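Visitor: I am new to this structure and would like to learn how to read it feature by feature. Could you take me through it slowly?

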Amino acid sequence: MRDLTVSPSPHIRSRVTTSRIMLHVLIALIPAFAAAVVLFGVRAIVMVCVCMGSAFLWERGCNLIMKRPNTTGDLSALVTGMILAFNLPPSLPYWMAVVGTFVAIVITKQIFGGLGQNFANPAIVGRIVLMMSFTGEMTSWVMPNYMAQDVITAPTPLVEKNGLYSYLDLFIGRHPGCIGEVCCAALIAGGIYLVIMRVISIHIPVSFVGTVFVFSWAAGKDPVYQILSGGVMLGAIFMATDYVTSPVSKKGKVIFGAGCGVLTCLIRFYANYPEGVSFAILLMNIVTPYIDMLTRAKPVGVPAVKKEAQGDEK
Amino acid sequence: MKLKGIFLDHKKNTAGSASVVLPTPKTVRIAMQQCAGAACDVLVKVGDEVLVGQKIGDSDKYMSVPVHSSVSGKVTGISELLQVSGRVCKCVDIETDGEQRYMPGLKAPQVSDKDSFCNAVRESGCCGLGGAGFPTHVKFGFDDTRFSVDTLVINAAECEPYLTSDHRTMLEDADSIFNGIACIKKYLGIKNVCIAIEKNKPDAIDLMRQKAQRAGADIRVTALSTRYPQGAEKVIVYNTTGRVVCEGQIPADVGVIVINVSTCAFIGQYMKTGVPLVSKRITVSGDAVASPCNVIVPIGTAFEDILWYGDCDPESIDKAIAGGPMMGTDLFDLRDPVCKTHSALLAFRHGGERERNRVQTACIRCGRCIEACPVGLMPTVLEKAFDKKDRQTLKKMKVSLCMNCGSCSYVCPAKRDLAEKNQLAKALLRT
């Protein structure tokens, strides 16, 4: 008789794997990518390819140098590359994008131990480093292709104060901005796909966008304009929901989203930068372990008396 | 509010196959340790003739039930059996004569009150047939002055994939179930009865509802949502009565007694006929089994004899599981015998869908395990605490509440062995 395989229960596993989750995220990014191609033309395609390709190579290179197993199969590097590309202005020189993916993959992710160990969202750190290093290139915006034949610089909705852009312009992406962040409609479509496929829960996006809405309204700004412009949608749906750097519990996710929203508005309204989404998410990434600690799940069937006693100890 | 759970593919491909009685095998091996508690001492010698229902093992410990011969024949040896728990127990090997002669004088037990009822239940060799194997007379013999039990929950959730033996019991032995309920109600003085069945067994729910209407108003049938693990004791108590069994408590602390539907059916049958627990209804399924079926087998039958009946080539098997795929234990030898607690025998081929996606990768903190845990634990945090041997966190995060349902490991996209780590952590805290 053949030897039997013996292992601890459970003997069956679900079909969901890390690479399948990442593949879903890539699929969810496709509508925004398509919109970017329509709006910004070939440059958007090249930029996304450069970022994804270089992210992949950095990941594989790190695996080889660190003598670790090949982790490119989990597709997380491709997701990081694509999201970083979405966060860059279309006119950015390609070599700067490669620097961005280096910071994202090598510095932020692999040096800390790879997927699951990074303290902050790699794409966010990549964007912020580029923003600090190449502020001029990172903040020069061009109008989408079909609106102006010549490449001209134009103000983004967050800087522009004269009501140049209508809500509809903002919603479908008829305004200058980063490659992937301009078309809210496509981003929301991707977000709905992720929620339906149970890749993300709605807690972070809803509390993030909701907080920006409420805060803007309370601060006397136009709330609809605020949530449709800049990187709020891209950040709330695709970057703040990164599993590794956001809290694990539902309660924690709501707190995390709300914190991102508040920080975004504070930076937008009262600080020097016109846009604050990436800083807000980075700061909330850093406090995630504390949110996790404060929102630990309460097991069912722990006597109430004991809970009080534990409280007293603290 | 209901407790959380996960959706599993039911794969109940034997739900429609009526139970058949396995032809008496040539030999059986009856283990002396088949329930939770003390092992029995062997009461027979090599060369003795034994009859069906004859007591061949007993113990003077309270936490123990006697073992009976399931066949008629001759004792050929007393051997040792290595069990999954790692313990070794004695086994009585019997060569059958194929006549299945019953022990003379088997008749319905004389029962007048709780004590004599518990005694009769013990003598029947009855223990929890759902898998845990807790001696039923101990469960019934609760101290009336300490506990006031008002509800009996009949656990017919059968939430594991593949398993249909409880389902078939309900369809085929409904009268025994209600006789069992009547006896338990009468002698233990329990008022309410709740039969809890998962919604994926509508025919069983209908039948139980019909019978319950005739039997009395205080028996209700609850249809549970088909989320694993509905059949876990704490979960079923909460979902049927809304009472929470706290850490360190037993269901009797909140006035509930939970017994498996097959156990109940056996008690009902025993109270009528007096035939002790000598056979078991077992689901035979899995992708290596050509004709999946439900068979009634004598206790002590070798697993390979049952697989043979299900048209399964033992050479093709890579993995055989006693019980369901979520909580069952792997077999390491197909010649091992069936015990009272086994409700299924699953055999899987090499490769196939079971092995797909088992490569372990790093935790990505997706939180699916936390969503899945029916008792609200945080398996990913516990895993990290265990890896650091951090006893304090493990204690604080209540790893002791884990019942090893396996939901966390099932849903993990990184395929981490979270449930296994929880068991190791519990063992670590015990040392």
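Visitor: Where is B:Pro229 found, and what is the form of the peptide bond from B:Tyr228 to B:Pro229?

Guide: The general idea is that most residues other than glycine have a negative phi, and most peptide bonds are trans. In this predicted model, B:Pro229 sits in the loop between E11 and helix H6 (233-241) of chain B, and the peptide bond that reaches B:Pro229 from B:Tyr228 is cis, with omega near -5 degrees. In chain A, a cis peptide bond joins A:Ser9 and A:Pro10, with omega about -5 degrees, and A:Pro10 is placed in the segment before helix H1 (18-40) of chain A.

Visitor: What is the phi of A:Leu75?

Guide: A:Leu75 is a residue other than glycine with a positive phi, near 65 degrees, and it belongs to the loop between helix H2 (42-65) and helix H3 (76-86) of chain A.

Visitor: How should I read confidence, and what pLDDT do chain A and chain B average?

Guide: As a general rule, where pLDDT is low, the predicted coordinates should not be read in detail. Chain A averages a pLDDT of 88, with 91% of its residues scoring at least 70, while over residues 305-314 of chain A the pLDDT is below 50, and this stretch has one contact in the model beyond near neighbours in sequence. Chain B has a mean pLDDT of 90, and 98% of its residues reach 70 or more; for the model, the scores are ipTM 0.87 and pTM 0.89.

Visitor: Which strands make up the open sheet of six strands in chain B, and what is its pairing?

Guide: The order of that sheet is E1-E14-E13-E17-E15-E16 (chain B), and the pairing is mixed. Its edge strands are strand E1 (20-21) and E16 of chain B, each of which pairs on one side only. E1(B) runs parallel to strand E14 (residues 293-298) of chain B, with two bridges between them, and B:Val21 stands opposite B:Ile296 in E14(B). H3(B) packs on this sheet, where it touches strand E13 (279-285), E14 and strand E17 (344-349) of chain B.

Visitor: How do H3(B) and H7(B) cross?

Guide: A helix pair can be described by the approach of its axes, the crossing angle and the hand. The axes of helix H3 (residues 165-172) and helix H7 (residues 261-273) of chain B come within 9 Å and cross at roughly 40 degrees, and the crossing is left-handed. B:Ser165, B:Asp166, B:Thr169 and B:Met170 in H3(B) meet B:Val261, B:Ser262 and B:Ala265 in H7(B), a contact whose residues divide into three nonpolar, three polar and one charged.

Visitor: How many residues does the contact take from chain B and from chain A?

Guide: In general, the size of an interface is often given as the accessible area lost when the parts come together, but here we can count residues. The contact takes 51 residues from chain B and 34 residues from chain A. On the side of chain B that touches chain A, strand E15 (317-322), strand E16 (329-330), helix H13 (407-411) and helix H14 (418-430) of chain B each supply at least two residues, and E15(B) gives the largest share, five residues. By class, that side of chain B has 28 nonpolar, ten polar and 13 charged residues.

Note on methods
Residues are numbered from 1 along each chain as its sequence is written. Chains are lettered from A and ligands numbered from 1 in the order in which they are written. This is a predicted model: local features need pLDDT of at least 70, side-chain atom pairs count only at pLDDT 80 or more; totals for chains, interfaces and linings use all residues. pLDDT is the predictor's confidence in each residue, from 0 to 100. Two residues are in contact if their C-beta atoms, placed from the backbone, lie within 7 Å. Axes are lines fitted to C-alpha atoms, for helices over the stretch in contact, and angles run from 0 to 180 degrees between N-to-C directions. Helices (H or I, at least four residues) and strands (E, at least two) are DSSP runs, numbered from the N terminus. A crossing is left-handed if the near helix is turned anticlockwise from the far one by less than a right angle, and right-handed if clockwise. Ala, Val, Leu, Ile, Met, Phe, Trp, Tyr, Cys and Pro count as nonpolar, Asp, Glu, Lys and Arg as charged, and the others, Gly among them, as polar. Two strands pair if DSSP finds at least two bridges between them.
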